[in-house]
Amino acid sequence: NPWVVQEVYTSSPDERVQPSMYVDLGHVTEFWFARKVGLLFVEPEQLCGVDTFGESWGLMEGGKAVTFIDNHDTQRGEALL
């Protein structure tokens, strides 16, 4: 069976198309992972909540998310790291 990874880019949680709409078809890229990890370094007070990092921070279910820090869509201006 092929391993399907879908790239669903979102820059706002209010966008009409969300990665959660595609998890039934396979794994989905989790753009918010890099943004949330970046906050841990930019806002050190966030480190006190790192033990709850994941779905409670608004990220997708771990079993369906493909996470990354750097991507061609985020390299110019968006990436915190």
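Which residues do ring pairs link into a cluster? In this predicted model, the answer is Tyr9, Phe31 and Phe68. Let's walk through how that works.

The structure has 4 aromatic pairs. Take Tyr9 and Phe31: their ring centres sit 4.8 Å apart and their planes meet at 85 degrees, so this pair counts as edge-to-face. The two residues come from distant parts of the chain, 22 residues apart, with Tyr9 in the loop between strand 1 and strand 2 and Phe31 in helix 1. Phe31 is buried, because its relative accessible area is 2% and the cut-off is under 20%. Tyr9, at 33%, is partly exposed.

Now go on from Phe31 to Phe68. Here the ring centres are 5.1 Å apart and the planes are at 90 degrees, so this pair is edge-to-face too. Phe68 lies in the segment after strand 3, 37 residues away from Phe31 in the chain. Phe68 is buried, with a relative accessible area of 14%.

Next, have a look at helix 1 itself, which runs over residues 31–42. From first C-alpha to last it spans 17 Å, close to the expected 16 Å. At its start, a side-chain oxygen of Glu30 comes within 3.2 Å of the backbone nitrogen of Trp32. Arg35 lies over the face of Trp32, 4.2 Å from the ring centre. The buried residues of the helix include Phe33, Val37 and Leu40, and its buried residues pack against strand 2.

Finally, find the largest nonpolar core: Val8, Val23, Val28, Met60 and Ala65. Setting aside neighbours within four places in sequence, Val23 touches Val28, Met60 and Lys64. In soluble globular proteins, nonpolar side chains tend to be buried together.

Conventions:
Residues numbered from 1 in each chain as written. Predicted model: local features only at pLDDT ≥ 70, side-chain atom pairs only at ≥ 80, totals over all residues. Heavy atoms only, no water. Helix = DSSP H or I, 4+ residues; strand = E, 2+ residues; numbered from the N terminus. Expected span 1.5 Å × (residues − 1). Buried < 20%, exposed > 50% of the residue type's maximum accessible area, 1.4 Å probe, protein only. Contact = heavy atoms within 4.5 Å. Polar contact = N/O pair within 3.5 Å; in protein donor to acceptor, adjacent residues only side chain to side chain. Core = buried A, V, L, I, M, F, W, Y, C linked by side-chain atoms within 4.5 Å. Phe/Tyr/Trp six-rings, centres within 6.5 Å; stacked < 30°, edge-to-face > 60°. Lys NZ or Arg CZ within 6 Å of the ring centre and 35° of its normal.
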